[in-house]
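Take a look at the model below. The text after it moves from the surface to the spaces inside.

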Amino acid sequence: MAYASGFFTPSVPSLRRKIQPSIGICRSGICFSEGISRRVLCSSGIEGAEKHFSPSESRVPKLVSKGCKLVGCGSAVPKLSVSNDDLAKLVDTSDEWISSRTGIRNRRVISGKESLKGLAVEAARKALEMADVDPDDLDLILMCTSTPEDLFGAAPQVQRELGCTKATLAYDITAACSGFVLGLVSAACHIRGGGFHNVLVIGADGVSRFVDWTDRATCILFGDAAGAVLVQACDAEEDGLLSFDLHSDGEGGRHLGSPLFDNKTNDLLGSNGSVLDFPPKRSSYTCVRMNGQEVFRFAVRCVPQSIESALEKAGLSASSVDWLLLHQANQRIIDAVATRLEFPEEKIISNLANYGNTSAASIPLALDEVVRSGKVKVGHTIAAAGFGAGLTWGSAVIRWG
């Protein structure tokens, strides 16, 4: 099991204290998730760079004060809406059966000429417009997805479609339903330790393409969408990522995943010692496989603990937080976590009924809706948490605007 947590405070504690760094980044620095926060050790990460230092330049890492804040958001969903009644024509189910067990009534599904890349670009443009940031002013694009339309990733294609003509860095993060939270933390580390100013974090997934539409246990759950947030550098006093808590546990991976088909070559050898079944068969992924009961138990046990840990690091109580925003997986999970943390119903953000489980898109999609509706206002604090395949889970305490 892997674990990382962090909190950010304006002051620098004693450097004699033993520090356990849990997150590192390249380009120009290292961001420690504990101990030194909002102050980051920065140094060159380029091999041979020492040859270019002048005698007056110090090679000792410098302490830099930097914060980051969320200044824009956007979202996009496919046009095709599939209702529970529509699914009842495919499998043995009903609107009442699905809604009572999951809270879902509709979901959006990519169809026709639509693409996941197109949804991601649309969401990104809306976030940039709200933040009043030009695509050429982006330093980094993080595409959080487990369902790219290219095996080698989608972020550079999104970068191209946005028209980023300058040397913007773009790469994918694969962590399923936890992807967006990991993207936020990664953005913060790039800003605090790497000197980046504008980082675009996109959560987008098209899980419908990996669903067995004859399997009632999974086809009722998933939908497609994209959401994006613009994270921007700011003074430490304006910092909008107050704390985080991240975990992974591969032992639980068997409960939720979409592995490759087992196409192992035959062990029989030819007379010359070569494998008879060569070349290998073309690989393809299975449909989503899920042990619903085990995933439910995992979520209601681990997610509250993670949020409590993040709140403690931020020095906040649940009652002092304005909103609870969980990955939109199942209304029963959302309600169970909220009850455990004693969050009242009026503080819970949920749009699950309209979109289903949109994986990495679910948190930014819901956030965009409540920001644009005026429900979430500048200065509001949000306890957000993602959880899912891997298994991975994590939480972050953020301040909007």
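What follows covers a pocket, the cavities and a surface patch.

This is a predicted model, in which local features need pLDDT of at least 70, side-chain atom pairs count only at pLDDT 80 or more, and totals for chains, interfaces and linings use all residues. Residues are numbered from 1 along each chain as its sequence is written, and side-chain values use heavy atoms, with hydrogens and water left out.

Begin at the surface. Leu151, Phe152, Leu260 and Tyr285 form a nonpolar patch there, with about 520 Å² of accessible area together. Accessible areas come from the Shrake-Rupley method with a 1.4 Å probe, and for residues only the protein chains shown count as cover. A patch takes residues with over 30% relative accessible area and no salt bridge; like charges are joined within 9 Å, and nonpolar side chains (Val, Leu, Ile, Met, Phe, Trp, Tyr) within 5 Å. A salt bridge is a side-chain nitrogen of Lys or Arg within 4 Å of a carboxyl oxygen of Asp or Glu.

Leu260 sits in the loop between β13 (256-257) and β14 (289-290). Strands (E, at least two residues) and helices (H or I, at least four) are DSSP runs, numbered from the N terminus.

Now turn to the largest pocket. It holds about 1200 Å³ of space. On a 1 Å grid over the protein atoms alone, a pocket is an open set of points with protein on both sides within 12 Å along at least five of seven lines; a cavity is a set where a 1.4 Å probe fits but cannot get out; lining residues have an atom within 4 Å of a point. Points are joined across faces, edges and corners, and a volume is the space filled by probe spheres set on them.

The lining of the largest pocket has 45 residues, with Phe222, Leu256, Gly257, Val288 and Ala389 nearest its centre. α7 (292-314) gives the most, four residues. The lining divides into 22 nonpolar, 17 polar and six charged residues. Here Ala, Val, Leu, Ile, Met, Phe, Trp, Tyr, Cys and Pro count as nonpolar, Asp, Glu, Lys and Arg as charged, and the others, Gly among them, as polar.

Three reach 30 Å³ or more. The largest cavity has a volume of about 40 Å³. α5 (179-194) gives the most to its lining, three residues. That lining has nine nonpolar, no polar and no charged residues.

The second largest cavity also holds about 40 Å³. Its lining includes Cys68, Ala188 and Val231.
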